[in-house]
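Good morning, and thank you for coming.

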Amino acid sequence: MNKQPESEIFTIPDRRCKRCGGLLTSAEAIRDGYGSCCLRKMRQEARAKEQLRNQCSLFNDEEGER
Ligand SMILES: [Zn+2]
């Protein structure tokens, strides 16, 4: 097993959030390219969009039956 020096993480140039530009502090965030808070926000937005679409289709179905 290679022991990576801790300083290596600081040599990664792109360790800023693609969404808010904030510094990424965790290895996971750097890998994803987004901070954990932004990841959560994007997941919530995606879910909200899907719910909205479902609501729309339900609404349209009801309208179509009239
Ligand atoms: Zn962010």
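I shall speak about the overall fold, the zinc site and the nonpolar core.

This is a predicted model, in which local features need pLDDT of at least 70 and side-chain atom pairs count only at pLDDT 80 or more, while totals for chains, interfaces and linings use all residues. Residues are numbered from 1 along each chain as its sequence is written, and side-chain values use heavy atoms, with hydrogens and water left out.

The protein has two helices and zero strands; these are DSSP runs, numbered from the N terminus, with helices (H or I) of at least four residues and strands (E) of at least two. Of its 66 residues, 12% are buried, where buried means under 20% relative accessible area, exposed over 50%, and partly exposed in between, with a 1.4 Å probe and protein chains only.

Which atoms coordinate the zinc ion? They are the SG atoms of C17, C20 and C38, at 2.3 Å. Donors are N, O and S atoms within 2.8 Å of the metal (3.2 Å for Na, K and Ca); water is not among the atoms, so sites may look incomplete. Along the chain, the zinc donors follow the spacing C-x2-C-x17-C. C20 lies in the segment before helix 1 (27-32), and C38 lies in helix 2 (residues 36-65), 18 residues apart. C20 is exposed, at 54% relative accessible area, whereas C38 is buried, at 2%.

C17 and C38 also belong to the largest nonpolar core, whose five residues include L24, A29 and I30. Such a core is a set of buried Ala, Val, Leu, Ile, Met, Phe, Trp, Tyr and Cys residues joined through side-chain atoms within 4.5 Å.
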